[in-house]
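Take a look at the fold shown here. We will walk through a few of its parts.

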Amino acid sequence: MTRLDFRGKEFVRNYHMSIPFHSLELQEGLSLGDDGFGGNLILNADNLLALKALLPHFANQVSCIFIDPPYNTGNENWIYNDNLNAPYIDEWLGNTVGIDDGLRHDKWCAMMWPRLWLLYELLSPDGSLWVTIDNNESYRLRAILEEIFGEAGFIAEISWCHTDSSANNARQFSEDYNTIYVFSKNPDWRPNYLAYPERQTHYENPDDDPRGPWFDGRDVSNPARRPNLQFTIPANAFMNTHSSHHLQPCVIEHGPIESPANGWRWSMETMEGKFATGELRISEDGTRVIKREYLREMAGLAPSSSWRPHFENGEKVWRTGHTRGAKSQLKRLFPERATADLFPTPKPVELLNYILQLATRPGDLVLDSFAGSGTTAHAVLEMNAATEDDARRFILVEMMDYCNTETAERVRRVINGTNNFDPIPGTFSYFTLGPALDAENILAGEDLPPYEQLGQYMYNLVTSEILNPETIDAENNYLGGTENTHVWMIYQPNANWLKSPEAALTLDFARQANEAYPGSRHIVIAAANFVGHKRIRDENLQIEFVSMPYALFS
Ligand SMILES: C[S@@+](CC[C@H](N)C(=O)[O-])C[C@H]1O[C@@H](n2cnc3c(N)ncnc32)[C@H](O)[C@@H]1O
């Protein structure tokens, strides 16, 4: 595979693995409702840390990820502030990315790499990731995505016409399109097929067929060789005309119609029925059988990868919206603000709505980790309001202080309604980042996390699976498991206790675990291990010891 090289790549390659887990702290005063992790979430944090913090709760669970990261145009003020401890990267720390420093693209790639890896880990096996970008970084982004998802993970490169007016002052080309990449862990991933009236204008109903608009469509010959369906249709065999569904005597003037080479699609009897309803008819020259394809029977079409306005009944229709419209949507939600004070680069709700239609089903989880003005949440809420099905849920992440005043405030206004908008039912929980669950914090004896919280992180760390909190039994040091594997954690949030022999894996504990679930594999997370390999082998104990992620006895 062709790989993209960028400065700093060797340092960020596995960086996502070393980022410490953080707890997430609920801000009740900024939330609407109290559904917690079971409902919609808005996180005010750098997405590098936020995505890692989400992993223990949502790894492999997110069906649709939409991100609209900084395009790196040189005019934005995105800050490269990842705390990477490498000399090359140190010199970038805290730097606002400028257009002239020669490292602009490297920094952008180094910023995106670990975040895309974390998004990959959150994406469900049959989910899809959608990323908008323009020509400043598009080919680099695609190369990074192919490295993470593999070439087979590439699903589509969509051209989205984002403007309703070309730039008359452009020197070379008016850049009217953004690119949207679609990737999936599943190379056979398919979008939902939708109805596209503009691509179905060839359906008409000139003869008032009661089954609605139709066109002369599909082949009537069998795709496979079917000797039992090879028969000749005799002259005068059926009752209908060649031009209408109304029943009239059919006269085949040019004699019988021979079978296609493979045979017909249907038996003689079925064809008689179809001739009687007008679905099949004989061509005017009497040599062919023609089938009507009805619009109402169409299950939908695969979407085009070119998203631009189309005409319906002479009207220009912007199914995926445009940037100017997105700004006026915001203006209507925040009428008291001057236009210059509105979030400058929102995407239109229509764009997100269309992506949700293509990529989600009822009950799905949707994540946007570059949330900006919160368009994704707006679209999810609108979609939920329009259907009786299970609600889709959203998770937004925005690092800037305006997460409360722009991102969450927009969602509040959508839910509560404004003078210009009717309220749409919904709730969300607002979180900020808590302390890191790392060695330093834990050894300092401060902020020792409760059993359930550390248990969820450790369980995810050792199994890459999500722990069902209901299976946690702290008294018996049990976290949970599957049919064949059980995970135990010997832990109390007490620094002195953790340094005592009680916090170690002992032979008694190993035996009891084996007796509780005989024949299973047992993973035991503890501060120390007092059981030797020989004993485990001699007693045939299915025990694997995993050390707590900090050096208690150092
Ligand atoms: C192009 S805007 C997204 C606009 C959004 N799609 C909308 O419709 O409003 C990118 C957003 O990502 C945020 N962002 C940039 N880097 C981030 C990071 N590391 N973590 C979280 N948010 C970040 C920026 O603050 C900005 O609000």
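This is a predicted model: local features need pLDDT of at least 70, side-chain atom pairs count only at pLDDT 80 or more; totals for chains, interfaces and linings use all residues.

Residues are numbered from 1 along each chain as its sequence is written. Helices (H or I, at least four residues) and strands (E, at least two) are DSSP runs, numbered from the N terminus.

Start with helix α3 (residues 47-58) and helix α5 (residues 104-122). Their axes come within 9 Å and cross at roughly 15°. Axes are lines fitted to C-alpha atoms, for helices over the stretch in contact, and angles run from 0 to 180 degrees between N-to-C directions. Therefore α3 and α5 are roughly parallel to each other (angles under 35 degrees count as such). Residues are in contact if their C-beta atoms, placed from the backbone, lie within 7 Å. On α3, the contact residues include L48, L51 and F58. On α5, L118 and L122 are among them.

Now turn to helix α10 (residues 375-385). Here 9 of the 11 residues are buried, so α10 is largely enclosed by the rest of the structure. A residue is buried if 20 or more other C-beta atoms, placed from the backbone, lie within 10 Å of its own. H378 and M383 are among the buried ones. Their cover includes β3 (62-67) and α11 (402-416).

Finish with strands β16 (residues 478-481) and β17 (residues 485-489). They run antiparallel, joined by 3 bridges. G481 stands opposite H486 in β17. The two strands, β16 and β17, form a hairpin with 3 residues between them.

Definitions and conventions:
Angles under 35 degrees count as roughly parallel, over 145 as roughly antiparallel, 65 to 115 as roughly perpendicular and the rest as oblique. Two residues are in contact if their C-beta atoms, placed from the backbone, lie within 7 Å. A residue is buried if 20 or more other C-beta atoms lie within 10 Å of its own, exposed if 12 or fewer, and partly exposed in between; C-beta atoms are placed from the backbone. Two strands pair if DSSP finds at least two bridges between them.
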